Amino acid sequence: MTQTSGLDRRTFLKATIVAGGAVVFGFNLPLGTRAAERLGIEIDPAADFQPNAFIRIAKDGKVTVVVSQVEMGQGVYTSLPMIVADELEVEWSNVSYEAAPPDKAFINPAMGMQGTGGSSSVKGFFMPLRKSAAAVREMLVAAAAQSWNVSPDTCKAEGGKVIHAESKRSAAYGELLEAAAKIAPPKEPKLKDPKDFKYIGKAIKRLDSPDKVNGKAVFGIDVRVQGMLYATILRSPVIGGKVKTVDDAGAKAVKGVTHVVPLGYGVGVVADNFVNARKGRNALKVTWDDGAMATVSSETIMKSFADGADNKKGLVPKKIGDVAAAKATAAKTIDAVYWAPFLAHATMEPMNFTADVRADGAEVWGGIQAQMAVQGTVAKAAGVPIEKVKVNTTLLGGGFGRRFEMDYVVDAVLLSKAAGKPVKVIWTREDDMQNDFYRPGTYNKMSAGVDAAGKPVFWHHRVVNDAIMARVGPAFGFTLKDDQPDGTSFEGAHDLPYTFPNFQCDWVRVDTGVPVGFWRSVGSSHTAFSTECFMDEVAAAAGKDPLELRLSMLDPASRHAGVLKLAAEKAGWSTRPKAGVGRGIAVHESFGSFVAQVAEVTVAADGKVKVERVVCAVDCGQVVNPDTVAAQMEGGIVYGLSSALFNEITFKDGRVQQKNFNDYRTLRMSEMPKVEVHIVPSKAPHGGVGEPGTPPIAPALVNAIFAATGKRVRSLPIKPADLATKA
């Protein structure tokens with residue numbers, strides 16, 4: 001049964017009795033778009049972008065929240081159900097979740113697409129889910145009141161029941177489902193007063209943890225399909241290279257190998273298990289057309305960036321006053337170049353995907369960040385109607401933007417189509433490390449000056465890098481023009497929070513040919529490093545404490561100032577650190593959240609850096625689950641420290657030189673510093689938490705190294721040899 005009475009399409013609600021007598025409530029609610037916010041793309045709100053939330057209530061009162069967002073460690077399978085449970089008035093023990101299928105109904109209003117990224121899950125779904133749950137609650141109350149012939153105003157919902165105190169009657173939600181489905185949904189359901197929240201703002205244990213502990217959790221790598229084969233692909237060792245010739249006799253002679261499939265960009269080997277597929281791959285004899293990238297190296301890329309910084313006219317996202325005039329009269333000028341390297345995502349779960357392509361359709365399984373995009377990609381690659389593609393979303397063993405890409409999806413579809421059977425394609429760590437879509441390397445030419453009193457008088461930041469949106473734009477339905485700025489390249493640099501009378505940020509686009517993509521915190525991952533380290537240089541030139549200078553250039557009531565003060569207070573900034581310990585501070589806003597971090601480090605005589613302690617203060621607006629916020633800050637710090645201390649992707653003869661975790665590694669347990677996270681109480685709109693913990697840690701670390709050694713680090717990763725005082 002479906003009820004649709006008197007509502008426009010953006011507030012439409014339907015209630016449906018499904019098998020077993022449960023009721024499914026679905027809603028379409030208003031939206032805004034992250035795409036529009038970041039890229040200036042106009043999106044018709046009445047067209048394709050309609051966020052949905054689905055609530056299923058069983059006769060036994062169990063509530064299932066169908067979660068649009070994918071779970072990759074960020075806790076969304078708990079935080080979004082918490083929002084529903086609070087507004088719906090049900091016991092937490094009766095709440096579970098399931099992954100949503102691809103559907104326009106599940107478009108994330110903060111992104112403008114069905115996708116998980118941009119730290120947008122709670123930001124996008126907080127109000128839609130509250131309104132959805134509140135409407136269902138009112139329908140259940142109305143159903144009970146109707147059956148008791150009393151006013152709904154005299155009833156209340158509590159603990160999965162509707163209660164009429166005066167007559168001492170009550171009815172469990174499960175008893176009211178059929179009647180509730182006949183109730184016209186309210187246009188404007190009344191939301192709870194936040195002071196009455198039972199779950200929102202409380203530390204709630206994660207719903208997905210037990211299965212991850214007992215081994216029941218299913219990631220893409222765990223998927224098993226009857227009759228499934230396994231595959232691996234030999235790819236060109238040079239970026240963008242193509243297959244020229246293939247001798248597959250050796251591969252086909254390997255026991256268990258069933259198919260060898262030329263793919264143009266590589267050669268797929270399909271077998272009865274992964275070991276045999278690897279053996280077959282190793283027996284291939286392939287010659288390659290290396291293409292245009294064959295002579296590219298890290299040195300040639302760096303030269304193109306330096307040339308671009310010195311000679312190319314850039315786009316100017318922001319300009320205040322006259323930087324050139326201020327530079328001519330400044331008492332002291334500081335110039336520096338900061339380099340942030342190309343980086344890989346290095347997801348812990350190897351990239352993998354399973355596809356079963358048949359003549360009449362396809363079914364696929366895997367860890368993905370964009371269900372609808374996967375559905376469309378599969379349909380196109382398989383040559384089947386999109387409505388005949390079923391997508392099963394598993395847990396993700398790390399995403400960080402890597403599983404937004406479609407390359408591994410296409411691999412599985414093409415090989416299943418060729419084999420005529422279900423095929424799971426598995427990338428080796430080396431495959432992924434050398435064929436990723438990398439965080440762009442960024443060359444930052446910086447200049448600033450102070451007057452005779454030490455007051456900053458100008459700031460000029462020239463950002464030079466590739467444009468991520470030039471590559472991924474077509475997937476969003478547009479092409480980035482040469483004269484069009486890509487906000488992902490300089491976000492965090494052009495919107496610096498500090499007040500300068502003369503300010504300019506410009507961006508120079510250099511197309512290196514390296515495939516670049518979204519990496520955790522995107523542009524902020526490198527702009528925070530260059531801007532917050534250079535602020536320390538300005539403070540030194542001005543003869544001022546780094547914290548005092550920052551605060552003097554911020555609105556005292558700003559959220560930047562708030563987190564800076566909190567982090568400094570908790571870290572004991574006003575006291576001297578122990579002998580040999582350097583202390584550095586940094587602050588950055590990204591994805592609507594404000595994070596300040598203080599790092600304390602020691603540097604050994606051989607230059608090895610040990611991070612002793614990190615104090616983090618975060619203002620992310622209203623908090624749903626503080627445990628999740630703390631965990632995301634901790635995870636962002638580990639991710640950022642790993643990159644700052646150890647990692648870079650380098651190129652030689654068009655080849656990526658790094659291969660595995662031995663030369664591109666993560667912080668080890670023994671290297672983990674003590675981390676303290678302090679959350680600013682706030683009623684401000686929700687900011688993200690999945691990414692904002694990463695940007696400030698590299699500059700806080702580097703500034704701490706300067707405090708400990710007097711040496712400036714302007715290029716990442718940190719090289720112990722540059723800091724060594726003894727061989």
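Two residues are said to be in contact when heavy atoms of theirs lie within 4.5 Å. By this criterion, among contacts in the protein between residues at least 6 apart in sequence, 74% join residues at least 24 apart. The model examined here is a predicted one.

Turning to the overall build, the protein contains 20 helices and 28 strands. Its radius of gyration is 27 Å, close to the 27 Å given by the globule rule for 727 residues, so the protein is as compact as a globular protein of that length. The C-alpha trace spans about 80 × 70 × 50 Å along the principal axes. Of the 727 residues, 58% are buried.

Strand E7, covering residues 161–164, pairs with strand E8, covering residues 169–172, in the antiparallel sense, and 4 bridges link the two. Within this pairing, Ile163 has Ser170 in E8 as its bridge partner. Between the two strands of the hairpin are 4 residues, and Lys168 in the turn has a positive phi of about 60°.

Asn149 sits in the loop that runs between helix H3 (121–148) and strand E6 (155–158). With a relative accessibility of 72%, Asn149 counts as exposed, because the cut-off for that class is over 50%. The other is Phe591, also a residue other than glycine, whose phi is positive and near 55°. Here the loop is the one between strand E23 (582–590) and strand E24 (593–603). Is Phe591 buried or exposed? Its relative accessibility is 6%, so Phe591 counts as buried, since buried means under 20%.

Leu716 and Pro717 are joined by a cis peptide bond, with omega at about 0°. Pro717 belongs to the loop between helix H19 (697–709) and helix H20 (720–723).

How values were computed:
Residues are numbered from 1 along each chain as its sequence is written. This is a predicted model: local features need pLDDT of at least 70, side-chain atom pairs count only at pLDDT 80 or more; totals for chains, interfaces and linings use all residues. Side-chain values use heavy atoms; hydrogens and water are left out. The radius of gyration is taken over C-alpha atoms; the globule rule is 2.2 Å times the number of residues to the power 0.38. Buried means under 20% relative accessible area, exposed over 50%, partly exposed in between (1.4 Å probe, protein chains only). Two strands pair if DSSP finds at least two bridges between them.
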